[in-house]
Structure formats: C-alpha cells, structure tokens
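This briefing concerns the interface between two protein chains. Please view the sequence and the structure before reading the points that follow.

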2 protein chains.
Amino acid sequence: MGKNNVGDEVQNKQVILRDYITGYPREDDLYISTSKIKLEVPQGSNAVLVKNLYLSCDPTMQFRMRKAEYRLSGYYYYVPGSPINGFGVAKVLDSGHPSFSAGDLVWGTTFWEEYSLIQNPEKLYKIQHTDVPLSYYTGILGMPGITAYAGIFEVGCVKKGECVFISAASGAVGQLTGQFAKLLGCYVVGSAGSQEKVDLLKNKLGFDDAFNYKEEVDLDAALKRYFPEGIDFYFEQVGGKMLDAVLLNMKDHGRIAICGMISQYNLPHPEALENLLHIAFKRLTVKGFSQRDHYHLYPKLLETVLPYIREHKLVYVEDIVEGLENGPAALVGLFSGRNFGKQLVKVASE
Amino acid sequence: MGKNNVGDEVQNKQVILRDYITGYPREDDLYISTSKIKLEVPQGSNAVLVKNLYLSCDPTMQFRMRKAEYRLSGYYYYVPGSPINGFGVAKVLDSGHPSFSAGDLVWGTTFWEEYSLIQNPEKLYKIQHTDVPLSYYTGILGMPGITAYAGIFEVGCVKKGECVFISAASGAVGQLTGQFAKLLGCYVVGSAGSQEKVDLLKNKLGFDDAFNYKEEVDLDAALKRYFPEGIDFYFEQVGGKMLDAVLLNMKDHGRIAICGMISQYNLPHPEALENLLHIAFKRLTVKGFSQRDHYHLYPKLLETVLPYIREHKLVYVEDIVEGLENGPAALVGLFSGRNFGKQLVKVASE
C-alpha cells in the first residue's frame, strides 16, 4: 500500500456527473472534483475500502446518465453531484467483509475515484491469476470477456466451419468474439470504422478479412463480397443500416446474437429497417442477451482463455489512458469510435 | 366418383394468373378459363389424377405472383397463362403411384382447377380420418394447423400460466394458436380487425380478451391495458407498428415467434420500427419459422387435435366460398382482412 495506511485521511479525486443528459454524453457532462476519504471501513460495516487501479469505459454507462424520460428499465442511474460508477480493478486496503482481506486484488463494480468504499462487496470478484495484465480484468477477463464468451459459445452456439460476421469488431467485445470464432475453426469477417482498425483485425487479431464500414456506400454489396454464400452467425453490436444489410445476407436458419446497438442509442429516432421480413422468410433466430445473465460462465471463460493468453494465442488490444482526469474524454470517445481496442483508464499502480 | 369415369375427357375450369404483379393482388390479376382434361394418368407415369374438393387461400400465394425483382428466395413462382396452385383437399380418380389408389382422399399441393394431374404426389398426404369435416385439411388439420402447433409447442415452447399475445388472431393460424395456448393454461389476448372478429375471439374461441387494432390510436397503451405485467410470448403474423408496440411490452427474456408479417408484404417500404433495441435490453428471443420445417410434427398435431375436435374442445372457424369462379375474390380478400376465419374455396362435393 506504500504511502497510504489504513486510517489515513487522504485526498480523493473523483469523476462527478454534472446533470442528467439527453443524447450522447459530452466531456463536460462530467467534471473532476476532490473530496477527502478516510482509508478505513467504518466499525461494524461489511463494506470494503479499495484503491482503484483501472476503470473500464463501457457503452452502457451512458444509459445511467439519462434523463428520466429516456430511461430503460433494468438500469440504475447515476446521481448528479456524485461520482459515477462502472467496472474496474482495485486493491483492497481495508475490509469489513469476511470474503476479502487487505491486499486482495478484485474486479467488479467500483466508483470513478481514487479510493472507494464499496458497500456491497458481494459483487466483487477476487482476482486469482496475476501473471496476466491486471487491466485484462476490465476486458478479456472481465465483463467484455463474459459477453464474448456467452455470445459465441452459449447464445450463438457457433460451430466449426461456419461463416461468422462481427460488427464493431475491434472493440472490447468484438475482438474476442472474432478470435473465439477463429479458434472454433470458423471463417470470420469483421467491420470497423477506420483503416487502422481493419489492419488490426486482419494482421494482429487473425480475422480472415475485415472492412471499413464508413467507406462502403452499399453495405449489402460489401457483405455479399465477403459472404457470397451467406452468413451463418452475426454478432450484432451496432444496429441500424448494418443490421438491415445483414438480414439480406443471412443464410436460411442463420442466428443473430445482439448484445447492443451502439449506432442507435442516441438517435432521436432509430434508423428504419426494411428487411425484418427476412427473419420470417429465412427462419432466423435473433437473440438479445446481456452478460448479466451469464456470470455462471465466468469459471469456464477463465479456464478457456488463460492458457491461450499465456501461449499468446489470444491477443487483447487495450486503449489505456493514464490518469482519472482523462477518464471523461476516454468515456465520451467510445461513442465516436475514437478508442482503438478496449478503452480503459489507469488510475494508479498497485 | 359419380358422373366422372376414368378415361372420360371433361371440361376443366381453371384459375389462371394473367401476369406477374407488384403490390397486392387484385381480382383481375386472375381469370377463369376452361380447358379439357382426360381423367386418366398417362401410361407409365407415377402421377395421380385428382378431383379438387377444397382449395385453401393462403397469404404466401401472393409471393408466387410477383415480378422477378420483388421475389424472395425459397419460393417457386406461378406461370402466367397457367393455373395457380396451393394447398387443397382432393379425391384421387386415377393413380400411377403405388402409394395412392382411386378413391383416396388427400391433402397437399394441388392446382386451382376442377381436376388436376399431380406429377409429384409424394407431397400429398393421405387423409385417414374422415369423421371430421374434410375442409379442415386446409386448416386445423393441414398447413395452418402445423404452423400453429409448431409455433406454440416447438418454436415458442409456451408454458402454463404465461401471458400470450396473438395478432391476426381470428385467422387460419391465429385462432388455433390462441386455443392451443388456452389449452396449455395461458392468459391469451388476441388482436383482430373488426368488432365481429373480436366477438368471435372472446365468445367462441375462448380467448381471455381481444381488441380491434383498427380502433386503437395507441397500440402501446392497448397492450399495457391487457398486459400490465408484460407479454411472455407473442405470436407474430402482422409486423410493422404492432410488432413495434409489442417490443415495448415484452417481459425480460420473452419470446416472439414470427411466421409472417402480412401488414408489410406490399408496402413500398416496410414500416420503420423504433423499438428493436428492446431485443437487446430485454434479452428477447425472436424466431422466424415456417411450417415447411415442421412437417415431422404432423402426426403429433393429429394426435393432439382430433380428440379435441371430436369433443368440441377446439373450434375451427372457416369462411368457405362456393365455386372455383369465386376463388380469386376470396384470395384477394385475405389482404384486406375480408375473411372471417380460415378462407377457403369449395370446388366440388366428393
């Protein structure tokens, strides 16, 4: 713990929500503030007090910033004037909970601040494997890992030899779904929003092919170029015109797993789809899913990916900004695709 | 066989496609013509020669009338100048096929004419149970029966106690899905396009409730009235605004089975849906399906429904027009919802 000792009162830099928003979050919807915190769990509490090391930038965080009239059921909402929260990696400094001790490394829901008192540590996972980068517990070994694993293995039931298309393919989840499908022996093509990301997919992540959707005037034609015989499985993260073009290019009995539709979240009206009829005509199965329902897969995820990570058979590309004060820009950048790989914020070293 | 004897040459009234169409079929896209036919299977052929008794009017028949640029894969197309075909009930007059003999009653694909020479009788089903109306083999005991049975029991896996919504609920398939769900012990509400149909659903078909979608200014509000806690299973046949409203009212993890979207088939551009995001947020499963993939269920369908029909625990409402010459109007009427129950044409008595 170095300079911080249990019981010390220290400065605590925080990222605060200014007010509820409509539309995309902007950097100034958040601001940095400094309060004080005592590095100690109150007597009789079963909270834990942690030092935050890495914080994850996730698209769903914007939902939690929304004005009441734009809200979705099933989400809790941030409180203006208080620090936002999200997934992160942290070190326990003091614990009132029998499952955690000072010195433990954990991942799970924490706050965007240097130190956090976490009242419900049941939602934290103790980190057992530290021979891999700790930051991976915001990505391949955390929530995005569970999403990708569930999407490919449980929701999609992807099988060897299938033709797989992945949108937002260089992102936190997409890069993993593509590599999982490749490990299964599939033909895998991804779409992304820049030439640099396309190169990453083809040269570093082992995709069979990739294209920049921003440079395609006709997404249907692009998909026909890469999938002349059609798509067996589509891992959907963007929605809108991409989904509409994919529906035209699915094989009969194809499957689509939807974990998000980032292109549609903040449009005044979502884009109109013309090709939904193909769900019926092609007898497609379209499944929405969330990692929230798949945490039981976490041990399987670790068992599967840890050896691959150690043997360098799985690559995980991270876009790490240093310093909590750079967190708001990093988070906001997600919605214009500014990130290159998994976006996260390094708050402190262990 | 009465007046017709094998070997006779007789007049054969037919319903002929004038030319390929765009948009909804109109009555004058079809015309009546009379040719001659010899009531005999040619030597060495394994065709069967049948007298058509009932012909089924099915929404998908319009696809087969379409101009090339509006076609869907997986359908064969009618030939202008030739009689259209579809499902029907017929009596075998002569057979070159070992599975059929003169006098057999069959259902399956036949032509819209008085007598048909069927070159591939493998697609005909021999009718074994004749203590129920023969016309039922175009409906509850035929293709719509398989669709409804597959939709509720196999695709939807509907369970006792679930909240089930059915659109186009008084139609050939809808009336069955609703009754199947009631037999399973579900709460079932249907939508239809007239007060008369709503009364039918509530008073004769045993639906818990029903509403006329044409009289609802706000479909979302209507669904909230009938499903204050949300919908577990939606049997989708119409698409468009109804589907969009349903997406807002599904429970988390709800299921939607889609066998058609009749409201959308002929729009220049299908209606825009705003609520597809809810597939992801609510982790819905949306499955397109077709009876084509479920013929293996036919024995189970018969086993299930025949006793209920005999005990009057299942009702099947038919809208029968008499005479082949009234077939075009009956078929075209489907697309404006003119039919009251399963639409079919009686061509002849046995």
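Across the interface of chain B and chain A, the rule finds 2 salt bridges. The model is a predicted one.

**Charged and polar contacts**
- B:Arg283 forms a salt bridge with A:Asp293, in which the closest N and O atoms are 2.8 Å apart.
- Between chain B and chain A, 5 residue pairs are in polar contact, with both residues at pLDDT 80 or more.

**Composition of the chain B side**
- Three elements of chain B each give two or more residues to the side that touches chain A: β12 (250-258), α6 (277-281) and β13 (285-288).
- The most is given by α6(B), which contributes 5 residues to that side.
- By class, the side of chain B that touches chain A has 18 nonpolar, 8 polar and 6 charged residues.

**Extent of the interface**
- In chain B, 32 residues are in contact with 32 residues of chain A.
- About 2,700 Å² is buried between chain B and chain A, and carbon and sulfur atoms give 65% of this area.
- On the chain B side, B:Leu277, B:Phe281 and B:Arg283 lose the most area to chain A, together 21% of what that side buries.

**Strand pairing between the chains**
- Strand β13 (residues 285-288) of chain A pairs with β13(B) in the antiparallel sense, over 3 bridges.
- Within this topic, A:Thr285 stands opposite B:Lys287 in β13(B).

Methods. Residues numbered from 1 in each chain as written. Chains lettered and ligands numbered in written order. Predicted model: local features only at pLDDT ≥ 70, side-chain atom pairs only at ≥ 80, totals over all residues. Heavy atoms only, no water. Contact = heavy atoms within 4.5 Å. Buried area = accessible area lost by both parts, 1.4 Å probe. Salt bridge = Lys/Arg side-chain N within 4 Å of Asp/Glu carboxyl O. Polar contact = N/O pair within 3.5 Å; in protein donor to acceptor, adjacent residues only side chain to side chain. Helix = DSSP H or I, 4+ residues; strand = E, 2+ residues; numbered from the N terminus. Nonpolar A, V, L, I, M, F, W, Y, C, P; charged D, E, K, R; others polar. Pairing = 2+ DSSP bridges.
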